[in-house]
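Hi,

Here is the structure I promised to pass on. Have a look at it first, and then read on for my notes.

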Amino acid sequence: MSAHPSTWQRACSAIALTVLVVGCSGRQAALDPAGDQAATIEILWTLMLWMCGFMYLLVLIFLGHALWRARHVLSSEPVPHGAQRPAERPLRMALAGWFGLIVGGLIVLSLGSFFIDRSLANARLDNAIKIKITAAQWWWKVEYLGETPAQRVATANELRLPVGRPALLELQAEDVIHSFWIPNLGGKQDLIPGRINSLLLTPRREGEYRGQCAEFCGLQHAKMALDATVVGERDFAAWRQQQLLPAHAPSTPEQLRGHEIFMSGPCASCHQIVGTPAAGQNGPNLTHLASRRTIAAGARPYSFEALRDWLRDPHTIKPGNHMPQVQLSNSDLHALTSYLDSLK
Amino acid sequence: MSAVLPREPGAAEIAALDAQLERTWGTGRGLWERLSTVDHKIVGRRYVITGFVFFVLAGVLALMMRTQLMQPDSELIGPDRYNQIFTMHGTTMMFLFAVPIMEAMAVYLVPLMCGTRNISFPRLNAYSYWVYLFGGIMIWVAFLLNVGPETGWFSYVPLAGPEFSPGKRTDFWAQMITFTEVAALAVAVELVATIMKQRAPGMTLSRMPLFLWSMLVTSLMIIIAMPAVMLASSFLISDRLVGTHFFNPVEGGDALLWQHLFWFFGHPEVYIIFLPALGMVSSIVTTFSRRTIFAYTLMVLALLATGVLAFGLWVHHMFATGLPRLGSSFYTAASMMIAIPSGLQIFGWIATLWDGKPRFKSPLLFVIGFIVIFVLGGLTGVMLAAVPLDLQAHDTYFVVAHFHYVLIGGAVFPLFGAFYYWFPKFTGRLLSERLGRWNFWLFFIGFNVTFFPMHILGLAGMPRRVYTYPAGLGWESLNRLSSIGALLIGVSVLLFIINVVRSLRAGDVAGDNPWEASTLEWATSSPPPPYNFMHVPVVTGREALWVPGPRQVMEGLSPSHREVLCTTVLTAEPDLRQPSAMPSSWPLWAALTTALWFIGSIFDARAVIWGSIPVAICLIGWLWPTHPEPFRERGLA
Amino acid sequence: MKPEIVGDVSSLPDAAFSHRSLIWWGVLGFILIEGTAFLLAGGSYFFLMNHTTPWPPHRVPPDLLIGSAFTALVIASELPNVWTDRVAHAERLLPTRIGLGIMTLIGLALLVLRWYEFQALNVGWDDNAYGSIVWALLALHTVHLLTDWVDTLVLTVFAFMHDLKRTHYSDVTDNCLYWHFVALAWLPIYALLYWVPRMLK
């Protein structure tokens, strides 16, 4: 064995490292829990992994031993049927033991699953924020319900949560079945037209995470994601106050021009900007668009350029989505982008 | 004229009998004769080959998907085309390959293993093949014309409903279900009747090979499960075409009704695919261990238990839909319980190998691959049975990994083993062992390289059915690895095809029983004559051909009329000389009119009524009672 | 290895009744398939019923008279059905012909009644989910009624044209078995369509 690792060893280590890195960390990773629910589920995962791994090892050992024994077989006459084989009794006893092991293991795993499930169901709800999420092809409508209707915050494709407080999500769908999933925080739940489902998430670690639709919902299912940001209580309160404010008024001539284009064009018929005449409900609320991390439900990180590309032709970024392309001259496009970019 | 028994027939008698039986049972070489044959072996072979073609087509689609997913933000294949591709991959694999090919192997092997001359309903068998073929052609033509279905192989509503899936795409999918379910149900009924009534004298239930047991249980499962999907797809077609509201929540319908009906079929469906493979595994393990299966009775009970339990699990596909918690816990327990019979069977096979005298030919290699791969898939299934864990892993690549481990490991590996095992019986030639080894190892390694990384990808957040994924989430390297594995699988399948083509021409001649196996299909020539067995084989032990002494047979079936021997269900005593159907073109005509009826109904609801008339005419012509010639009293010559 | 002939089956009959004949198993398989379909359709009825109050949504269930008339005739038809089964078992030609003729006429009458039953459902299949499942259940049963009637008609015509052998008598008894299924499967559907909505009130 040489001092330097062989290519083979290097490849194996690379794969193992990749597996660990990819599997165990990330901002859309189930095994990197940042919330109570994901952490609870990870306990079950660990139990399962060890027990199932152990059983698998037993099977491989038994199989390996059977194959290894075969090396010493001499005659090729078939084993006489009906004759009492000397190994019959020990094999039957091993079978009984195996049966006991399987049943015992499954009982442990069922109970484990049951208790974990119960613990998830009995999670504390006090001081929960209530948020209503409505899924549509291919974006998320997010409404923070608040104490009074005046406290309602409407945004889209993002979730901002205060660390340590449970968030009770009410899930509905407008068109087809979608599924709401932020792996770092918890399991998923479907949004089904005609039904109201609910999901509880209790974040414990500040950070930026990503969620994604997990039920095939048509053409752009692959690009229906969600930014989830967990912040401290004070930052959350500040954010919420800011979201309650109406949209910034245009402050430069170009922004004013952009504002006019928005209001007089088809934009206002689908999108709402609080504090302006635009009150469309078909598409995402844009009141504080520029404060979001991504655009088009996670399709691109937010930037002036990305926004401009989207406005020029949404179908280059998310082909087939329901926003039509609107022909604009270059200067009009720049103006519109400037206006929307000012909606912090 | 009854001779004194027991007696040994002379060579001249055998030659004369062979000539007569060839005339009575043979299929001519002309085109019309080949189209009207009712020989289960010819129909079975066609069925197997067609199923394999669909496997290759669906595999090509998989390679396209894996190529797309090698890069993040890939623009190789657009979303619409990709969605059609993954839908067609799943649909073709499940409906046009997996179930039909298992049934096809049974159509060929079951009558031989029972020791009878033809399957119970030979014309229905032929009809089944044509209906299956026409349904498969219909949906592939639709796909190639860019009107293929694109809502996934299980086609959830409302996405697949009239509002969100306009056009005929989903209608083709739903009607393809009708075609394939009719075909599958027909074969299932034939197999039950054959196994119950046409077993060789002396083949009591406790002497029945495990392959026959598994086909019996599978066929009963098909009979109970498939009506669910036929009902669901009929409801879907009628929602789409004539305005019913089964799945429309606005008018009292429910999207979950689809899921319940579909999965009531869908879960047993995977066991319908799996159980025949278990029968194949038992046959191969027995032969290549040179030992009868360890704990036979327990293996039979495990098959029965699996068949029954499979119907109580379907809700585990719906854990994320918001169902009541207590109900879900029941399905967790049931889904875990089904691991028990499977676990016992795994022990049984390994114990047989352990206590036997294994010979490591290609069929056994694939069985070993089956054990290693399937058990891992079964264990991830136990993980998914737990609701909390499922809520993370559901609809991600973890599930994709799981079901490929159980389906490819649990069904395709045994199937390839079965191909290597029974190819000599079908064709008279052996497949190359050398190519077989390459085939196996490439498949085994390629499979694990393709699908193991998907477990990690799923837990790393990658949902399924996505035409692309963004860079920066860490998914690139594992996706690339997976795609390389897929290429290896492709090469492996290519090697198999090469092996088949070369061996057909120049493979070693097999002889009747090259593996020295114990079941009745090996008691006749390779390939079998049209009449299968010259005399009715008599069975005196569980491993029929391993019982020492001369091979006992019975005579008395007419050589000049098509007859099969029916025996009693429990004790397998000779009971009846049942006339067997002559070649006929009615099955083909009936299948053509059926295809016109089904396809016409997609385009015009009135075709449901008018299209049924030609079908009815064909069925009446087919089923018109025969005016039998007087069945004369016995005498051989 | 040379075979040793130990038995001769040539003296066995070439036709038999009931489970001794292969066709019976085919009919049984078909009954199992369709029976399952009925059960699942009934299950769908209950599933949808749990979603909708009132049931029916427009409060008018199917007309009881025509449905009950159909049911009464179906139950009554079991008498000539059982009789036909018995005489066919006994291989008596003229009674079998008569029995088949009676069943054909009864079948026709039932089809006519069924036509009026469809008109009296008081809901369209495209009105709502209730209407859809009601029409589906009735249509499913009608398909079986129709196929059984055609089968009976074919056997009747054949019986009058030919002298019957045991294998044909066996076909007749298998058809009687199928008729039992069509008749009995109707009863729970009748209860679902006509009585459950009335009991819910």
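Predicted model: local features only at pLDDT ≥ 70, side-chain atom pairs only at ≥ 80, totals over all residues.

**A nonpolar patch on chain B**

On the surface, B:Val608, B:Ile609, B:Trp610, B:Ile613 and B:Ile617 come together as a nonpolar patch, with about 540 Å² of accessible area between them. Two elements of chain B each give two or more residues to this patch, namely helix 18 (607-610) and helix 19. Helix 18 of chain B provides the largest share, 3 residues.

**Salt bridges**

The whole structure, over all chains, has 29 salt bridges. Here are the ones I looked at.

The pair B:Arg291 and A:Glu88 forms a salt bridge whose closest N and O atoms are 3.0 Å apart. This pair crosses between chains: B:Arg291 is in the loop between helix 8 (255-289) and helix 9 (296-309) of chain B, while A:Glu88 is in helix 3 (residues 88-121) of chain A. Are the two partners buried or exposed? B:Arg291 is buried, at 3% relative accessible area, and A:Glu88 is buried as well, at 14%. Both belong to a network of salt bridges that links A:Glu88, A:Arg92, B:Arg291 and B:Asp355.

Then there is A:Arg257, which has a salt bridge to A:Glu260 (3.6 Å, N to O) and another to A:Asp332 (3.1 Å, N to O). The second bridge runs from A:Arg257 in helix 5 of chain A to A:Asp332 in helix 9 (residues 330-341) of chain A, so it ties together parts that are 75 residues apart in sequence. By contrast, A:Arg257 and A:Glu260 are 3 residues apart in helix 5 (residues 253-264) of chain A, which puts about one helical turn between them. As for accessibility, A:Arg257 is partly exposed at 36% and A:Glu260 is partly exposed at 42%, whereas A:Asp332 is buried at 18%.

**Two spots in helix 4 of chain B**

B:Pro79 is in helix 4 of chain B and is buried, with a relative accessible area of 9%. B:Pro79 and B:Tyr467 are 388 residues apart in sequence, yet 5.8 Å apart in space, C-alpha to C-alpha. Setting aside residues up to four places away in sequence, B:Pro79 touches A:Leu219, A:Gln220, A:Pro319 and B:Tyr467.

B:Gln84 also has its place in helix 4 (residues 79-114) of chain B, and it counts as buried at 0% relative accessibility. Which residues does B:Gln84 contact, beyond its neighbours within four places in sequence? They are B:Phe143, B:Asn146, B:Val147, B:Gly148, B:Pro149, B:Glu150 and B:Arg169.

Most peptide bonds are trans, and most residues other than glycine have a negative phi. With that in mind, here are some exceptions.

- B:Leu5 and B:Pro6 are joined by a cis peptide bond, with omega about -5°; B:Pro6 lies in the segment before helix 1 (11-25) of chain B.
- C:Trp55 and C:Pro56 are also joined by a cis peptide bond, with omega about 0°; C:Pro56 is in the loop between helix 1 (22-49) and helix 2 (64-89) of chain C.
- B:Asn532, not a glycine, has a positive phi of about 65°. B:Asn532 lies in the loop between helix 16 (476-506) and strand 1 (536-537) of chain B, and counts as buried at 0% relative accessibility.
- C:Ser18, not a glycine either, has a positive phi of about 55°. C:Ser18 lies in the loop between strand 1 (3-8) and helix 1 of chain C, and counts as partly exposed at 26% relative accessibility.

Cheers

Key: Residues numbered from 1 in each chain as written. Chains lettered and ligands numbered in written order. Heavy atoms only, no water. Patch = residues over 30% accessible without salt bridge, like charges linked within 9 Å, V, L, I, M, F, W, Y side chains within 5 Å. Areas by Shrake-Rupley, 256 points an atom, 1.4 Å probe, with all protein chains shown as cover. Salt bridge = Lys/Arg side-chain N within 4 Å of Asp/Glu carboxyl O. Helix = DSSP H or I, 4+ residues; strand = E, 2+ residues; numbered from the N terminus. Buried < 20%, exposed > 50% of the residue type's maximum accessible area, 1.4 Å probe, protein only. Contact = heavy atoms within 4.5 Å.
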